Amino acid sequence: MFGALDTLFSTTGIKPKDIGILVVNCSLFNPTPSLSSMIVNKYKLRGNIKSFNLGGMGCSAGVITIDLAKDMLQVQRNTYAVVVSTENITQNWYFGNKKSMLIPNCLFRVGGSTVLLSNKSVDRSRAKYQLVHVVRTHRGSDDKAFRCVYQEQDDNGKTGVSLSKDLMAIAGGALKTNITTLGPLVLPISEQLLFFCTLIAKKLFKKSIKPYIPDFKLAFDHFCIHAGGRAVIDELEKNLQLSPTHVEASRMTLHRFGNTSSSSIWYELAYIEGKERVRKGHRVWQIAFGSGFKCNSAVWKALRTVKPVAHSPWLDCIDKYPVELVM
């Protein structure tokens, strides 16, 4: 966490005292004082900083913190916001034998990212992206969705996170709700018309008409799908009719870093940048799923052609990727 912040301050030239908003998220590790307080103390941030520490929000918290920072920047003028997304699994390792609770041990890894947001007009010339949309979906009112990713004790009193066998179905339902809201904001009119005409025909004629799946490739150039596991990536590739190239960043991130929880979408964006694929005007769609159950989307527009950076987590291995994966 501190290493990522040190890199952010050194590369941007921003002084810690210039930060007006700090948002930190870590799902499973919530010490006292909080992680946000540790950052304030280490970097001696100013006394009137608006700081927030989000816990237990799951793997989709990276988008939630961006949304919170965005809202704060709308009322706090001429300032900077720093968003820190991290996870610490060391103290939450499951030592039991229940299969549904052993899966997180295999997938999750420690990771972290920092993002600097600004509402200063002078920063537009050096900014890489502009935040265009954030759409959040919460299915917590449904009991199955609420318990599909659940921290509990097994029969022997060992604490761990249990993953339900209904997880993929619940994630699919949350995604459908999310893209129903996101679609009208980003899709071309032609795709919207096809979608609504199919919907109306199905209701009027009550026939088993297959729902039309909009072509989101017409709206986005790059996809950062949360690296929650191979099944998650496979399902979204199939349902959104994406090509292997579109999900390459997600698969390679899962291969190289594992599931780093809320920061995984930033490792994926760093991969795309490392491959020098982001051009001015390109749109990036970040999709994240988390306990609760939540599906959140963030849409970014590239303000310039993005070049690889010296502090990229992929710096020492980007030329070796993509690798062939055994399915």
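Because the model is predicted, local features are reported at pLDDT of at least 70 and side-chain atom pairs at pLDDT 80 or more, whereas totals for chains, interfaces and linings use all residues. Residues are numbered from 1 along each chain as its sequence is written, and side-chain values use heavy atoms, with hydrogens and water left out.

Helices (H or I, at least four residues) and strands (E, at least two) are DSSP runs numbered from the N terminus. Two packed helices are described by the angle between their axes and the distance between the axes. Helix 9 (residues 248–257) packs against helix 10 (residues 264–274) at an angle of about 115 degrees, and their axes are 9 Å apart; axes are lines fitted to C-alpha atoms, for helices over the stretch in contact, and angles run from 0 to 180 degrees between N-to-C directions. The two helices, helix 9 and helix 10, are therefore roughly perpendicular to each other, a description that covers angles of 65 to 115 degrees. In this contact (heavy atoms within 4.5 Å), helix 9 contributes Glu248, Ala249, Ser250, Met252, Thr253 and Phe257, while helix 10 contributes Ser264, Tyr267, Glu268, Tyr271 and Ile272.

When residues up to four places away in sequence are not counted, Asp67 touches Val134 and Arg136.

Four strands form an open sheet of mixed pairing, in the order 5-10-9-8, where two strands pair if DSSP finds at least two bridges between them. Strand 5 (129–138) and strand 8 (222–225) are the edge strands, each pairing on one side only, and neighbouring strands of the sheet are turned by 15 degrees against each other on average, direction ignored. Strand 8 pairs with strand 9 (residues 283–290) in the parallel sense over four bridges, and His222 stands opposite Val284 in strand 9.

Strand 6 (residues 149–153) and strand 7, in contrast, run antiparallel and are joined by five bridges, with Gly160 in strand 7 as the bridge partner of Glu152. The hairpin of strand 6 and strand 7 has five residues between the strands, and in this hairpin Gly157 takes a positive phi near 80 degrees. Strand 7 (residues 159–163) is largely enclosed by the rest of the structure, because four of its five residues are buried.

Conventions. Angles under 35 degrees count as roughly parallel, over 145 as roughly antiparallel, 65 to 115 as roughly perpendicular and the rest as oblique. Buried means under 20% relative accessible area, exposed over 50%, partly exposed in between (1.4 Å probe, protein chains only).
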